[in-house]
Amino acid sequence: MATWAGQVDALTMFAEDLDAVRDFAERVLELPVHFEEDHSVVYRLGGLLLNYLDVREADDLIAPASVGDSTAGVRVQLTVGVSDVHAVAQRIQDAGWPLLRGPEVRPWGMTTATFRDPAGHVWEIAC
């Protein structure tokens, strides 16, 4: 019987503007490009491949399902561990990117801050 590998290897997120995503990933997240094609740009975040795909190419992956409109509301939050939420949050703001929330100490004891990428996905930094 086949089993799950136990980890997520890649995450594909659809984006309307790859140039804006590229600028965000490189300036705000400080990630180098891992792989790039005409319709996608991939970054390595720890053991995860983070693939931003041009939304016009999404049907090739998910049809007959459809892509939700990026303005319909948040449907996912990605949480990334950092060593100092305050310092990283300040760096994000210094890069010209606004925070949605935080930094704040959550009831479960972690300090978090959230922000949105150019494609509408919400990111959380936490420690």
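Student: Where do D19 and R22 lie?
Tutor: In this predicted model, D19 and R22 both belong to helix 1, which covers residues 18-28. They are three residues apart, about one turn of the helix.

Student: What do D19 and R22 form with each other?
Tutor: They form a salt bridge, in which the closest N and O atoms are 2.8 Å apart.

Student: Is D19 buried or exposed?
Tutor: D19 is exposed, because its relative accessible area is 56% and the cut-off for that class is over 50%.

Student: Which residues are linked with D19 in a network?
Tutor: R22 and E36 are linked with D19 in a network of salt bridges.

Student: How many salt bridges does the structure hold?
Tutor: It holds seven salt bridges. One of them joins E30 to R91, with 3.1 Å between the closest N and O atoms.

Student: Which parts does the pair E30 and R91 tie together?
Tutor: E30 sits in the loop between helix 1 and strand 2 (33-37), while R91 sits in helix 3 (residues 85-94), so the pair ties together parts that are 61 residues apart in sequence.

Student: And how accessible are E30 and R91?
Tutor: E30 has a relative accessibility of 44% and counts as partly exposed. R91, at 36%, also counts as partly exposed.

Student: In what sense do strand 6 and strand 7 pair?
Tutor: Strand 6 pairs with strand 7 (residues 111-116) in the antiparallel sense, over four bridges.

Student: Which residue in strand 7 does E104 stand opposite?
Tutor: E104 stands opposite T112 in strand 7.

Student: With which residue does E104 form a salt bridge?
Tutor: E104 forms a salt bridge with R101, and the closest N and O atoms of that pair are 2.7 Å apart.

Student: How accessible are E104 and R101?
Tutor: E104 counts as partly exposed, with a relative accessibility of 23%. R101 likewise counts as partly exposed, at 44% relative accessibility.

Note on methods: Residues numbered from 1 in each chain as written. Predicted model: local features only at pLDDT ≥ 70, side-chain atom pairs only at ≥ 80, totals over all residues. Heavy atoms only, no water. Salt bridge = Lys/Arg side-chain N within 4 Å of Asp/Glu carboxyl O. Helix = DSSP H or I, 4+ residues; strand = E, 2+ residues; numbered from the N terminus. Buried < 20%, exposed > 50% of the residue type's maximum accessible area, 1.4 Å probe, protein only. Pairing = 2+ DSSP bridges.
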